[in-house]
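Okay, thanks for coming, everyone.

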Amino acid sequence: MNTKDNIKTLVIEKPLKLDCGQTINNFPLAYETYGSLNKDKDNAILVFHALTGDQFVTGTNPVTKKDGWWSYAVGPNKSIDTNKYFVICANVIGGCMGSFGPSHKNPETQKIYGTDFPVITINDMVNAQINLLDFFGIKKLFSVVGGSMGGMQVLQFISNFPDKSKTVIPIACTSSHSAQNIAFNELGRQAIAADHNWKEGKYTLQNTVPDKGLAVARMAAHITYLSKKGLQEKFGRKLQERDDLKFGFDADFQIESYLRYQGSVFVDRFDANSYLYITRAMDYFDLVKQNNGNLSNAFKNTKAKFFVISFTSDWLYPTQENKDIVIALNAIGANVGFVEIKSDKGHDSFLLDVPDFLKALKNFLDKSYLEE
Amino acid sequence: MKQEFKIISDLINENSHVLDVGCGDGILMEYLVKEKKVNIRGIEISKTKVQNCIAKGLTIIEGNAEEDLKQFPDKSFDYVVLSQTLQAFLNPEKVINELLRIGKQAIVTIPNFGYWKIRLHLLLKGTMPVTRTLPNEWYNTPNIHLCTIKDFVYFSKDKNFKLSKSIALRSNQLSYIKDGNLNLKNLSSNLGIFLIER
């Protein structure tokens, strides 16, 4: 994480009271935009990224030099067509791509926050990002879109700002983080904490990086993003550059080698403390509880048009959890569409080349844009 | 446009709130939006057909009517439409009850198994009838609960549903079903269209 020259940053001066009770102000929010805002300023789409995403939605990420995380869905003539729409995406607070996060210095002590950074929530993330609308002079977005944790931000956004978007597209997400998902996140956090280089979160001060722990966290999480069938078809029991088992603990199997690789490239681009903070924000997300047990109340003040999308092989945020959102919306007569996309690619389906998904997303957006 | 859809449209008031259960490719939905400016939602079980509806800009929920109607509050629609789908449900009575719970009125159309051509088919050929409205063989048909117009009228009486309008269709000819002509309409019509309330 060194080439940060290409990062656009908005400094939010307005104080933001976090759910944990602390107030922050004059904090940076890193963002990127694609396409151009039209004269009526009615073509803006705010995209929210998932746990390990960032503001570089499409094109080449200037920091990692890899394709943006949603390159399949966002770009000229794609589902979220940047020839038509103005796409904005911000790095979440707590993140590590320029927005206010645990790798930043505490202005009062001039020391890097580490685990002294305040615990943030999905609610805090969207309350920080609403400032982008003022910055661009946008009264109402055309759409808010996101998958996984991005979907949670979508739901929280429209709950907090019911008249700030015409359409709302939560993808492969939930209104309330499940015990299973909290468990997986805790596994990741414990992997990081078990790395002796973590130093209770103060690793930067001691010039160490808990990369082994972070890599294990990523490996475990990566399994949850795929499906059993997808893994079996892609890897099966294929061996990694060898003809037979070696009777040792090297990566004999391709799946082992693949996971190790995923872990190793992840540590180059992600901060371990950010991983702790963002997974915590996901665990704390419970829009049902926020609304005293009735999810419908989260949406009762909005006239926005919703489109909920889930995937058949997503066992992390399964169809039923997405359908619960649809049910809550139908209970109050909201305008909601729902589709479950058939895919073997697991939770990651929303990031990949899944034609039925990309087609549905494009059709929904393009048709809705023409509606009064 | 199918004559059936024109008749359904005539039963529906402008600007009303409508749910089309088993909406297929959304042809009726589009027609009702154009003709009656309705605020309409569809439920459809086929993923391909759901995609087609999205491509038309229709608000569609992928789902199974036998399980997914329960999410809608009581009387949340002015009309709930069920076009030639009742016979495909495992429990048609339960579905009708749900339609009447969530809709102020329900519009149900049924392919009439009492139609003379169907009776003749069974009488002369001795095999399960295959017709234009019922094109499947017995072993692969989704239509597991077929009934006649007469069956449906008796069912409604039995369950105390009010049939506000009962229309029979033969080819494209429309007529009204009354107590006095029930036997005749049951023989001469290939489709029954009912406006029901409780």
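So, what radius of gyration would a compact globule of 372 residues have, and what does chain A have? The globule would be near 21 Å and chain A has 20 Å, which agrees. That's taken over C-alpha atoms, and the globule rule is 2.2 Å times the number of residues to the power 0.38.

Quick housekeeping: this is a predicted model, so local features need pLDDT of at least 70 and side-chain atom pairs count only at pLDDT 80 or more, while totals for chains, interfaces and linings use all residues. Residues are numbered from 1 along each chain as its sequence is written, and chains are lettered from A and ligands numbered from 1 in the order in which they are written.

Back to chain A. Along the principal axes, its C-alpha atoms fill a box of roughly 65 × 50 × 40 Å. It comes to 11 helices and 12 strands; those are DSSP runs numbered from the N terminus, helices being H or I with at least four residues and strands E with at least two. Of its 372 residues, 48% count as buried, meaning 20 or more other C-beta atoms, placed from the backbone, within 10 Å of a residue's own.

Chain A is divided into domain 1 (8-177 + 286-370) and domain 2 (181-279), with bounds from an automatic or database domain assignment. Their centres, over C-alpha atoms, are 26 Å apart.

Now, the contact between the chains: 17 residues come from chain A and 14 from chain B. On the chain A side, helix H10 (319-330), strand S12 (335-341) and helix H11 (355-370) each supply at least two residues. H11(A) gives the largest share, 6 residues.

Over to chain B. Which residues of helix H2 (residues 27-36) are buried? They are B:Leu28, B:Met29, B:Leu32 and B:Lys36. Seen down the helix axis, they fall within an arc of 100°, so they line one face of H2(B); the arc is that of the directions from the axis to the C-beta atoms. An α-helix has 3.6 residues a turn, so residues three or four places apart point the same way. What covers the buried residues of H2(B) includes helix H1 (3-11) and strands S1 (17-21), S2 (39-44) and S4 (77-83) of chain B.

Conventions:
Buried ≥ 20, exposed ≤ 12 C-beta atoms within 10 Å, placed from the backbone. Contact = placed C-beta atoms within 7 Å.
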